[in-house]
Structures are given as C-alpha cells and as structure tokens.
Amino acid sequence: MTSLDLAPAPDSGTAEGAVEAASDRVLEIRDLHVVPIADPTREILAGIDLTIRKGEVHAIMGRNGSGKTTLAYALMGHPAYRVTQGEVLWKGIDVLKLSPDKRARMGLFLAFQYPTAIPGLSVASFLRTALNARRRPVYGGDSTIDPSDATRGGISMRDFRVLMREKMALLKLDDAFAARYVNEGFSGGEKKRLEMLQMAVLGPEFAILDETDSGLDIDALRIVAEGVNAQLNPDLGVLLITHYQRLLNYITPDVVHVLAKGRMIKSGGRELALQLEEEGYAPVLREAGLEIDFQDEAPEPAEAVE
Ligand SMILES: Nc1ncnc2c1ncn2[C@@H]1O[C@H](COP(=O)(O)OP(=O)(O)O)[C@@H](O)[C@H]1O
Ligand SMILES: [Mg+2]
C-alpha cells in the first residue's frame, strides 16, 4: 500500500468539516505545467489556473494545437503526459497524485475527442463493468467488492437494465444500441452519444467533454447537446472543450476561456464565444501579444463537419 491509498488525514471538528464540504464543490487547477513524455523539453501547458464549481459550465475554446486535449488528458492522468508543476485540487485532494482509475472513482469523467473501438465487447457489458468499477470505494475495501457479484457490491442485472433503459431514453438511443460492440462501425454521432451515455450511466460529479461536437452534423449535435443539458445539475461541474462556438448555441456556458500557447489568454461570458465566431482568434491573440497566422484571421466555418 502506498501513501496514495490513504485518505488525507481527517481534521476532526465541525468547523473543518464545513471547510471540507465547500472544497468538495470545486475543482481547482493551480499553475499547471504539462509536457508530453515523448518530448519532455516541449511544454504544452505553461501554467493553467482555473476554478470550476459544481453547477457551473465552463467552455474552453482555442484553435487546433493550443493544448485543449492535453489539459483534458492531464486532468485524468493520461500516461503520455507528465505534469511538471502545479496541482489540481478536488475534494481537498491533489488528484494528480492518483491513478486515472481513482480519479474516476472520485467522480471525474472524461468524454474522449476520439473514442476507441473495442470489438467483441458490447455497449451494455462495457457500461456495466465501468459502473461497477466506478462504484468501488476510492480508498481501501477493494477486495470485498466483486463487480461481477451483485451480493458483493456489483449492480444487479435487473437494476442495471432499468438504469440503462432510463439513460438510453434520455439520449434517444434505441434498444439495439446496447447490444452493439463498443464504437465498432459507429458513426461520429454514435460515438459521441456513447460517450454521453457513459456519462449518464456513471453519474460523474465533474465532467470534461473534449470536442463532443466534432464530427457531428447539426442534428446529431442537437441530440448530443440535449443529452448534456439533460444531465446538467447543481452537483455537476462541466469543462466543455470546443473549437467552434456552434456547440455553445445549444449548451450555455457560464464562463468562456480562450486557450492559446498553453495559457488561458482571456476569459469572459458567452459573448466572448460569439466574438470569436465573428472575428476569429486573431483579435484576442493580438491583444495577448501573441503571433497570428493565417488560420486565425478567418472566421470559423459555421457548419464544419469532419
Ligand atoms: N503525446 C504528445 N507528444 C508530443 N506532442 C504532443 C502530444 N500531445 C500533444 N502534443 C502537441 O501539443 C500541442 C497541443 O495538442 P492538443 O492538446 O492535442 O491540442 P488541441 O486539443 O487544442 O488541438 C500540439 O502541437 C500537439 O502536436
Ligand atoms: Mg483536441
């Protein structure tokens, strides 16, 4: 057992308890620096500070290559990236010290920009296994839980079916979807809807959605956005990563941040996203004293589908 398996020393006393409860509701990123393992001399994130409370939706926008996915991966503990400086506090714990699996059990969730196919594994089996893993306690007690055994902490088949049916209805998915192999032969829209279904089944407290809009035509975009909106609640914080502002026509962010060259160069309200759509990234980059290239000058195409 390493020190990571230990809960932080509890400070007893009601006043401390109250402070902890407040910190339970916020994800705080402090001075985060990240390099890829493949090229450790290259700093992709160069000091990110961000505070997101439960019940809030923050959008991160930035042109391709600005570091958006790296931020998502670093928050979840992707092995291809190393955090060289900074901390990420969630429920009073620096989650950077935890395995990705423990982060998920602490209620963090990432919807991938490019979900992978798992031939031979059905959507239903995948989600049931994921849910049982998510429900294992973060600290200790793992050996008493057997996810395949409903009497030892796993969800019963019956309860799982009820849950699946409810969540699939929420996302307007038909029954056949559950029997298909994970992402195998899925359209772009189906892949994104599976990410949203996974989120709905796992019930995270903090969700990072990485370009949930990419590869979607306008109908699929609307369905995915409705799926996200249906899941918004006061006990869920959302970090919504997007290149285009069109997703924000359907999901209203509380705050919009612009990421460039590994730093947040500007934050504002919804109007900032509209300004980016109208003017491209050039004005905000210029304002931040950064170089502009051709891709920043042109406003984003309104209906780009990969
Ligand atoms: N694993 C990696 N190894 C080397 N370079 C990487 C790696 N991941 C990302 N990068 C580089 O870091 C920059 C940011 O990438 P990414 O975070 O994917 O940007 P975005 O999601 O905003 O498009 C890009 O220039 C990309 O090539
Ligand atoms: Mg990306």
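User: In this predicted model, are helix 5 and helix 6 oblique or roughly parallel to each other?

Analyst: The axes of helix 5 (residues 157-170) and helix 6 (residues 188-202) come within 10 Å and cross at roughly 135 degrees. Angles over 145 degrees count as roughly antiparallel, and 65 to 115 as roughly perpendicular. The crossing angle of roughly 135 degrees therefore makes the two helices oblique.

User: Is the crossing of helix 5 and helix 6 left-handed or right-handed?

Analyst: Helix 5 contributes Leu163, Met164, Lys167, Met168 and Leu170 to the contact, and helix 6 contributes Leu197, Ala200 and Val201. By class, this contact has 7 nonpolar, no polar and 1 charged residues. The crossing of the two helices is right-handed.

User: How do the axes of helix 6 and helix 7 run, roughly parallel or oblique?

Analyst: The axes of helix 6 and helix 7 (residues 218-231) come within 10 Å and cross at roughly 5 degrees. Angles under 35 degrees count as roughly parallel. Helix 6 and helix 7 are therefore roughly parallel.

User: How many nonpolar residues does the contact of helix 6 with helix 7 have?

Analyst: On the side of helix 6, the contact holds Gly189, Lys192, Arg193, Met196, Met199 and Ala200. On the side of helix 7, it holds Ala220, Ile223, Val224, Gly227, Val228 and Gln231. These residues include 3 polar and 2 charged ones, and the number of nonpolar residues is 7.

User: Which strands are the edge strands of the open sheet?

Analyst: The open sheet has 6 strands in the order 6-9-10-3-11-12, with mixed pairing. An edge strand pairs on one side only. The two that do so are strand 6 (108-111) and strand 12 (263-268).

User: Which strands of the sheet does helix 6 touch?

Analyst: Helix 6 packs on the sheet, and its direction makes about 165 degrees with that of strand 6. The strands that helix 6 touches are strand 6 and strand 9 (206-210).

User: Which residue of strand 10 stands opposite Val57?

Analyst: Strand 3 (residues 57-61) and strand 10 (residues 237-242) run parallel and are joined by 5 bridges. In strand 10, the residue opposite Val57 is Val238.

User: Which helix gives the largest share of the shell around ligand 1?

Analyst: Ligand 1 is surrounded by 13 residues, of which the closest are Pro36, Gly65, Lys68, Thr69 and Thr70. By class, the shell has 4 nonpolar, 7 polar and 2 charged residues. The largest share, 3 residues, comes from helix 2 (residues 68-76).

Terms used
Residues numbered from 1 in each chain as written. Chains lettered and ligands numbered in written order. Predicted model: local features only at pLDDT ≥ 70, side-chain atom pairs only at ≥ 80, totals over all residues. Axes fitted to C-alpha atoms, helices over the stretch in contact; angles between N-to-C directions. Helix = DSSP H or I, 4+ residues; strand = E, 2+ residues; numbered from the N terminus. Left-handed = near helix turned anticlockwise from the far one by under 90°. Contact = placed C-beta atoms within 7 Å. Nonpolar A, V, L, I, M, F, W, Y, C, P; charged D, E, K, R; others polar. Near = placed C-beta within 6 Å. Pairing = 2+ DSSP bridges.
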